[in-house]
Amino acid sequence: MTGKLSLPQARRIALLAQGLAKVRSATPVTARAVDRTFSRLQLVQIDSVNVLSRSHLLPFFSRLGNYETNILTTMAQVAPRKMMEYWAHEASFIRPLHFHDLRVWQNRTWMGAAKLEPSLRHSLEGRIMALLENHRFLTAREMTALTGHEENNPRDAWGWNWSAVKRILEGLFERGLISAAGRNEQFERQYALTSSVLPAAVSRTVDAAPEKSQALLRLITAAAAAHGVGTVRCFADYFRLPVRESAAAVETLVRQGVLLPVAVDGWDGRVFLHHEASLPRAARARALLSPFDSLVFERRRLEQLFNFHYRLEIYTPEAKRRYGYYVLPFLLGENMVARVDLKADRQARTLLVRGAYAEPHAPAHTSVELAAELQLMAQWLGLGQVQVQPRGDLAPALHAALG
């Protein structure tokens with residue numbers, strides 16, 4: 001591979017690195033295939049929005065098609081765990097081997113108990129750790145009840161109106177002293193001692209922190225492998241690492257031959273190729289991508305690689321939304337060709353397409369391919385039908401394709 005890439009070449013490298021370049025296998029999806037996909041991605045972001053599906057479930061559907069989500073439950077909750085929760089891009093499922101490295105670079109102390117009176121903080125920390133010594137796991141609500149701690153002035157709350165116990169738990173979680181053993185049906189985090197969550201192979205004590213520069217090199221290497229090709233900003237953003245320190249790590253990896261500087265047509269700034277990245281002759285994906293999919297994390301990269309401007313409009317007032325509340329990009333081949341606003345109406349067993357919009361370069365068969373993908377998604381979600389509402393320029397053709 002030369003030191004110069006066309007934009008389509010860079011795009012295909014990126015799609016292959018993310019597991020989105022090939023036609024899905026027609027065989028049933030195995031636990032091994034899910035594990036391989038997770039090892040390729042390194043992380044999947046967690047989000048509580050459930051208008052369609054929990055966000056961490058969608059990247060595996062995008063890459064593998066109809067799969068059993070209980071495979072992920074086993075990976076995250078049954079020892080030896082192959083995935084665990086921690087702060088990465090945001091709250092994420094990560095590979096356990098990255099936990100110690102991330103712990104020395106994450107700085108989310110604002111989520112903890114910094115504003116609590118010190119004696120109260122120390123007292124609650126001790127009581128919480130003692131409770132977890134004798135319980136497999138507990139939610140924040142359960143922990144609050146067991147500690148018997150009552151807020152003196154709950155109306156004067158700060159942040160996300162968390163209780164003192166919840167603040168203590170999040171502080172201990174950020175420090176790595178406790179972890180998530182799983183999530184309950186209400187999607188509440190179930191806290192446990194980290195020593196009971198980590199696989200034995202990586203269960204060093206949390207006090208034995210790795211050297212920061214070496215940890216950073218490992219994380220940037222992992223991020224670069226997941227990107228295939230990208231900038232310092234791309235690699236740093238993947239695990240939410242500081243850009244200046246990440247730039248120094250990239251230069252070290254260039255000297256070591258792990259990263260190769262390349263020029264990409266139309267891509268401003270310095271770009272780097274992971275030394276194990278491959279360039280496929282073509283990309284033949286067909287996938288609906290979660291708003292929290294790792295391919296679309298870094299919006300500037302998405303626009304430079306795919307000429308696709310994308311914003312999540314969940315927090316935009318409804319009257320000001322351009323495309324909708326929960327909009328998924330549609331990847332076809334090696335291009336983003338459309339976007340759809342989706343909702344799972346579970347009571348009516350219907351996948352609602354509340355808006356469908358074609359990109360200017362979308363091929364004529366976009367509606368047919370999108371219809372097939374939506375039908376597959378409805379099947380995966382256990383919904384009986386797909387219903388298209390008349391919003392967006394692609395809606396009429398999509399309705400006809402589904403008819």
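Visitor: In the hairpin of β5 and β6, how many residues lie between the strands, and which residue in the turn has a positive phi?

Guide: First, a caution: this is a predicted model. Now the general idea. Most residues other than glycine have a negative phi, and most peptide bonds are trans. In this hairpin, 5 residues lie between β5 and β6. F187 in the turn has a positive phi of about 65 degrees, although F187 is not a glycine.

Visitor: How do β5 and β6 run, and how many bridges join them?

Guide: Strands of a sheet pair through backbone hydrogen bonds, either parallel or antiparallel. Here β5 and strand β6 (residues 189-193) run antiparallel, joined by 5 bridges. β5 is mostly covered, with 5 of its 6 residues buried.

Visitor: Which other residue has a positive phi without being a glycine?

Guide: R240 is one of them, with phi near 55 degrees. R240 sits in the loop between α11 (232-238) and α12. Its relative accessibility is 33%, so R240 counts as partly exposed.

Visitor: What follows in α12? Where does S246 lie, and what is S246 in contact with?

Guide: S246 lies in helix α12 (residues 243-255). Its relative accessibility is 0%, so S246 counts as buried. Leaving aside neighbours within four places in sequence, S246 is in contact with L216, I220, V232, A236 and L241.

Visitor: Now the peptide bonds. Which residues does a cis peptide bond join?

Guide: A79 and P80 are joined by a cis peptide bond, with omega of about -5 degrees. Look for P80 in the loop between α4 and β3 (84-87).

Visitor: Next, the strands β11 and β12. How do they run, and how many bridges join them?

Guide: β11 and β12 run antiparallel, joined by 6 bridges. The hairpin between them passes through 1 residue.

Visitor: Which strand holds V327, and which residues does V327 touch?

Guide: V327 is in strand β11 (residues 327-333). At 4% relative accessibility, V327 counts as buried. Not counting residues up to four places away in sequence, V327 touches P291, Y310, R339, V340 and D341. Look also at S290, 37 residues apart from V327 along the chain. The C-alpha atoms of these two residues are separated by 8.0 Å.

Visitor: How does β12 pair with β13?

Guide: β12 and strand β13 (residues 350-358) pair in the antiparallel sense over 8 bridges. L342 stands opposite V353 in β13. The hairpin of β12 and β13 has 4 residues between the strands, and there R349 takes a positive phi near 50 degrees. Strand β12 (residues 335-345) is mostly covered, with 8 of its 11 residues buried.

Visitor: L342 brings us to the core. Which residues have the most contacts inside the largest nonpolar core?

Guide: They are L52, F239, L342 and M377, in a core of 137 residues. Helix α10 (residues 212-227) gives the largest share of this core, 9 residues. Take M377 as a case. Not counting residues up to four places away in sequence, M377 touches L52, L58, F61, L288, L328, L342 and L351.

Visitor: What is the strand order in the open sheet of 4 strands?

Guide: The order is β1-β8-β9-β7, with mixed pairing. The edge strands are β1 (4-5) and β7 (229-230), and each pairs on one side only. β1 pairs with strand β8 (residues 259-264) in the parallel sense over 2 bridges. K4 stands opposite A263 in β8.

Notes
Residues are numbered from 1 along each chain as its sequence is written. This is a predicted model: local features need pLDDT of at least 70, side-chain atom pairs count only at pLDDT 80 or more; totals for chains, interfaces and linings use all residues. Side-chain values use heavy atoms; hydrogens and water are left out. Two strands pair if DSSP finds at least two bridges between them. A nonpolar core is a set of buried Ala, Val, Leu, Ile, Met, Phe, Trp, Tyr and Cys residues joined through side-chain atoms within 4.5 Å. Buried means under 20% relative accessible area, exposed over 50%, partly exposed in between (1.4 Å probe, protein chains only). Contact means heavy atoms within 4.5 Å.
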